Amino acid sequence: MESVDSLPSYRPTIGCVIPAYNEEESIAHVLKSLLEQTRVPDVIHVVVNNTTDKTVAEAAKFAGPHMIEIDGIEQFTEVYVHDIGKNQDKKVGALNYGFQLVEGCDFFLGVDGDTTASNDAVEQLGAEIMSDSRIGGISAIYSIDDREMKGIGAFLVTGQRAQFAAFNMQNMLRGRNMAVLGGQFSIFSMQALRQAMVENHQTSPWVKDSEVEDSLLSLQIKSAGYLTKISAQARADVGGMTTLRGLDAQQVKWNFGAIELMWPGQRGDTKGQPFHPNLRLRWFENFSMLTNIVTRLMFVTLLFFSLSINAFVFSPFWLIPPLAAILLNLRTALSMKNRNGRDIFFAAALFPAEIYMWVRMGHFVRAWTKFLSRKQVDNWAAQAKAEKGRGNSYLVPLLAFVITVAVLVVLWFQLPIVAQSTLLWIGWPILGIITILQTVGMLGKLLRRHRGYKV
């Protein structure tokens, strides 16, 4: 018996790939985070592409072998830094380059060049994916570290933290089935990646057909018969957008890519999959956002019209929807493992969350407008441009809103009083019905058990 126990047990290998583009400020933190893990990856490849800063030099400081002792047990890893220069496939090209380097490993760990994780994240992801051969990939629970944020950057990051928390909880409560294995910090079964490649006639796991390469790969893994999950414990902080311009470009790219995957028919080399199980939550999100736009625009318009002819009568029932929203936002904030006072205030004060919702509505409108225009655009380039502080496309929704309101006001005052009264008599009840349905939906989420999950 003792001789059997003394036999060495097989330790599955994890190859880590970090696609990096202009990450000189964050790459050192990312590598430190990986080297301080309770279970370090067996090899770490930093694949630098199209960089114009000192990312290579900063990453090179960590290059070479590392022997790490944790709880008396020695673990070995080695860091390699690859500068692949100009690469037209950008992040996709870097990921596929890295995939070839770790093909001999059992699992592929993808980490963005601005993402740091809790020190047991790799151990947790590894244990979870090895516990069930049906799992093709697992994403960490994402949030954003806002401790050093100030001003409008702090407001935007708090909104993104709430957005991540709500999205993560939705996936948790769906049996921990994750619609998108975000590339920020996710682990994949190499077997699942190879099978997805075979079934889709690809020479590499990631393809440049989609604006959201991680979403497309998640669909392919799911279609290959594997599960795509969100971790129950592993956590990672991703890089947040601290400017309206940058946030707009990122969210428009994400929304555009999701719409492209959802929309029926063929667009270029990407076939829409409207009935794919991973896209059900996407359809719900888009329908929910459309409802939010309709109710808010109707309320603002009807309120102004009513006040203009002294026809507004206040009813306390209109306080119920915002109260439900506050309670739901608070519950989301309280479900966050690393919540802080800023998260609680953002939820309880209503107005910060409401302002952020209007910002998100602008992203939604811009993404759908871009998609329906059928104009070929490089949203990756647009995001890179925005992050450098260039471009004013993020102001388009505001300009469109102002023009729309101005036109409605002019038309309103051209109508006779009878027509004005009729419009109000029809509009308010319609808005009331939609708002009641929305409020019932919020109360349903509010009463749903979180089963002890923390996001």
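**Aromatic pairs in the predicted model**

At 8% relative accessibility, Phe346 is classed as buried (under 20% relative accessible area, with exposed meaning over 50% and partly exposed in between; 1.4 Å probe, protein chains only). The structure is a predicted model, in which local features need pLDDT of at least 70 and side-chain atom pairs count only at pLDDT 80 or more, while totals for chains, interfaces and linings use all residues. Residues are numbered from 1 along each chain as its sequence is written, and side-chain values use heavy atoms, with hydrogens and water left out.

Rings of Phe, Tyr and Trp (its six-membered ring) were paired if their centres lie within 6.5 Å; planes under 30 degrees apart count as stacked, over 60 as edge-to-face and the rest as tilted. This rule gives 20 aromatic pairs. One of them joins Trp318 and Trp428 in an edge-to-face arrangement, at 5.5 Å centre to centre and with 65° between the planes. Trp318 is located in the loop between α10 (280–308) and α11 (320–334), and Trp428 in helix α16 (residues 417–447), so this pair ties together parts that are 110 residues apart in sequence. Helices here are DSSP runs (H or I, at least four residues), numbered from the N terminus. Trp318 is partly exposed at 26% relative accessibility, whereas Trp428 is buried at 17%.

Phe346 and Tyr356 also form an edge-to-face pair, because their ring centres are 6.3 Å apart and their planes stand at 70°. Phe346 belongs to helix α12 (residues 341–348) and Tyr356 to helix α13 (residues 351–373), so the pair links parts 10 residues apart in sequence. Tyr356 is buried, with a relative accessible area of 4%.

Finally, one aromatic cluster is formed by Phe256, Trp263, Phe364, Trp368 and Phe371.

Key: Helix = DSSP H or I, 4+ residues; strand = E, 2+ residues; numbered from the N terminus.
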